[in-house]
Every structure is written in C-alpha cells, then in structure tokens.
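This report describes selected sites of one protein model together with its ligand. Please keep the sequence and the structure in view while reading.

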Amino acid sequence: MIENNLHKVHQRIAIACVAAGRLEQSVTLLVVGKTFPSADLRAAFDAGARCFGENYVAEALDKINVLGDLRERIQWHLIGPLQANKTRAVAEHFDWVHSIDRLKVAQRLSEQRPAHLPPLQLCLQVNISGEASKSGLGVDDVPDVARAVASLPRVRLRGLMSVPAPATDPAAQREPHARLRELLTQLQQQGLALDTLSMGMTGDLEAAIAEGSTIVRVGTAIFGAR
Ligand SMILES: *Cc1c(COP(=O)(O)O)cnc(C)c1O
C-alpha cells in the first residue's frame with residue numbers, strides 16, 4: 001500500500017514537472033510521517049524514500065532512534081514548530097529544519113550543532129497567507145532575519161517554507177506559492193545564495209511545483225488520513 005502510494009505521488013510530481021517545463025529531479029519528495037509508526041516509515045524507506053519530515057521533536061527522536069540502522073541513508077527534516085528549549089536535540093539529530101520563525105532559535109541551533117556534523121540546513125517559515133493563527137515570520141520581517149541567519153557559522157540558510165491557508169481552486173492554491181517564490185527571488189537579488197522553496201503538500205503539490213517548489217512535503221497521500 002505504502003509502496004503503491006509512493007509510486008502515485010512520484011507520478012503526480014512527474015506530471016506536474018512536465019506541465020511546468022521542469023526536470024523531475026528538481027523536486028525532492030519529503031515523506032511526512034507524523035503520527036504514523038516507525039514501521040510505516042521503514043516500509044517507505046524500503047520503497048525508495050530517503051527524505052523524511054517530522055513535526056514533533058519527541059516523536060521524531062524516537063523514530064530516528066528506532067530507525068538508527070538507516071541513519072546514514074536517511075535525511076531527517078523537522079517541519080513542525082521548534083521551541084528554544086528543544087534546540088539541542090534537534091541540532092544533534094536532524095539534517096534540516098524548515099520551521100525557523102525566530103532568529104533566536106537559529107542562533108541556538110548554530111551554537112549547539114556538533115562540530116563533527118555538516119552544517120544544519122535551514123529554511124525560514126513564512127506566514128505567507130498572513131493568518132493570525134499561523135506560525136511563521138511575517139513577510140516584512142523575512143529579509144532582516146534571513147541576513148542574520150545566513151551569517152551564522154554552523155547552519156546554512158537554504159530558503160523559505162510555508163503552509164498557506166487551504167484552498168481547493170488551483171488558481172487560489174498557486175497564489176501564495178507565487179508570493180513565496182517572489183520573496184525568495186527578492187532575497188537572492190539581495191545577494192543571499194538560496195536554492196530552496198519548501199512548499200506543497202498532498203492537496204496542492206501540483207500548484208506548488210508550478211510555482212517553483214523544490215521540496216514538496218507529503219503525508220496523507222502516502223500513509224493515509226491522520
Ligand atoms: C502534516 C504536514 C504536511 C503534510 O501534509 P499532508 O496534507 O498530509 O500531505 C506538510 N507540511 C507540514 C508543515 C505538515 O505539518
């Protein structure tokens with residue numbers, strides 16, 4: 001089931017890339033496993049998945065431990081909110097964090113990243129739809145925070161991430177993704193070497209790829225409803 005679902009998601013990505021005139025290899029599938037057991041993640045690994053996204057630090061650390069035999073071959077990405085008091089374990093055990101919404105959290109991750117590991121790869125989470133309830137930096141705050149994070153030594157700022165307000169109409173889905181892409185372009189024009197747009201989930205990955213997504217984060221289409 002998981003293998004078949006993964007195959008279908010790769011087909012959706014491939015079709016969206018053709019429609020957008022992009023290479024399929026330009027989009028990374030991040031397999032989002034929150035609430036699903038390690039055995040399901042192992043099944044996804046056996047079916048070829050290599051990049052895994054988790055929302056909750058404690059749940060993720062447990063899975064990283066249980067799947068320890070695969071550690072060298074898996075990239076672990078934190079995509080959920082990160083409190084300052086949980087940064088040490090994240091700095092020690094993850095490869096990426098997509099949900100940076102404050103300079104302080106990035107500073108702590110940089111201080112706590114062990115010297116024997118490569119730099120922790122970071123994205124700034126942007127509240128692109130401007131919803132009061134959503135986490136993420138306001139659009140106007142992004143340039144200053146991006147410059148500050150990019151100058152930290154043990155982390156590497158790669159780009160931007162967003163979770164837009166849900167929409168079903170394809171044009172409405174594309175609009176916030178287009179704004180995140182424009183914001184990335186603006187930062188690149190200011191001299192920051194960024195290459196990542198983490199946007200698109202089960203319901204809107206085609207719209208995200210049409211607007212330049214380089215990492216789609218997909219859970220439901222692979223593991224089922226939560
Ligand atoms: C759960 C989650 C996803 C995956 O969403 P699906 O709709 O299940 O594909 C992607 N990104 C974030 C930040 C999430 O919390």
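Gly219 is in contact with Val32, Thr202, Gly224 and Arg226, leaving aside its neighbours within four places in sequence; contact here means heavy atoms within 4.5 Å. The model is a predicted one, in which local features need pLDDT of at least 70 and side-chain atom pairs count only at pLDDT 80 or more, while totals for chains, interfaces and linings use all residues. Residues are numbered from 1 along each chain as its sequence is written, and side-chain values use heavy atoms, with hydrogens and water left out.

Gly219 belongs to the loop between strand S8 (215–218) and helix H9 (220–223). Helices (H or I, at least four residues) and strands (E, at least two) are DSSP runs, numbered from the N terminus. Gly219 counts as buried because its relative accessibility is 5%; buried means under 20% relative accessible area, exposed over 50%, and partly exposed in between (1.4 Å probe, protein chains only). Between Gly219 and Thr202, which are 17 residues apart in sequence, the C-alpha to C-alpha separation is 6.7 Å.

The ligand is surrounded by 13 residues, of which the closest are Lys34, Asn55, Thr202, Thr220 and Arg226; a residue is near a molecule or strand if one of its heavy atoms lies within 4 Å of it.

**Pocket and cavity**

Rolling a probe the size of a water molecule over the atoms shows where empty space is left. On a 1 Å grid over the protein atoms alone, a cavity is a set of points where a 1.4 Å probe fits but cannot get out, and a pocket is an open set with protein on both sides within 12 Å along at least five of seven lines; lining residues have an atom within 4 Å of a point. Grid points are joined across faces, edges and corners, and a volume is the space filled by probe spheres set on the points.

The largest pocket has a volume of about 310 Å³. It is lined by 19 residues, and those closest to its centre are Lys34, Asn55, Val163, Met201 and Arg217. Six nonpolar, nine polar and four charged residues make up this lining. In this classification Ala, Val, Leu, Ile, Met, Phe, Trp, Tyr, Cys and Pro count as nonpolar, Asp, Glu, Lys and Arg as charged, and the others, Gly among them, as polar.

The count of cavities of 30 Å³ or more comes to one, and the volume of the largest cavity is about 30 Å³. Its lining includes Gln125, Asn127, Glu131, Lys134 and Val163. By class, the lining of the largest cavity has four nonpolar, four polar and two charged residues.

**Helix H5 and its surroundings**

Val105, Ala106, Leu109, Ser110 and Gln112 are buried in helix H5 (residues 103–112). These buried residues pack against helix H4 (87–93), strand S4 (96–100), S5, helix H6 (142–150) and strand S6 (155–161).

Thr87, in helix H4, counts as buried because its relative accessibility is 0%. Beyond four places in sequence, Thr87 touches Leu82, Val105, Arg108, Leu109 and Gln112. With Gln112, the side chain of Thr87 makes a polar contact of 2.7 Å between side chains.

Gln121 is located in strand S5 (residues 120–125) and is buried, since its relative accessibility is 13%. Apart from residues up to four places away in sequence, Gln121 touches Asp95, Trp96, Val97, Arg156 and Arg158.

**Other sites**

Arg174 lies in helix H7 (residues 170–189) and counts as partly exposed because its relative accessibility is 37%. Its side chain and that of Glu211 are joined by a polar contact of 2.8 Å.

Thr35, in the loop between strand S1 (28–32) and helix H2 (38–46), has a positive phi of about 75° although it is not a glycine. Most residues other than glycine have a negative phi.

Terms used. A polar contact is a pair of N or O atoms within 3.5 Å; within protein, one must be able to donate a hydrogen and the other to accept it, and residues adjacent in sequence count only if both atoms are side-chain atoms.
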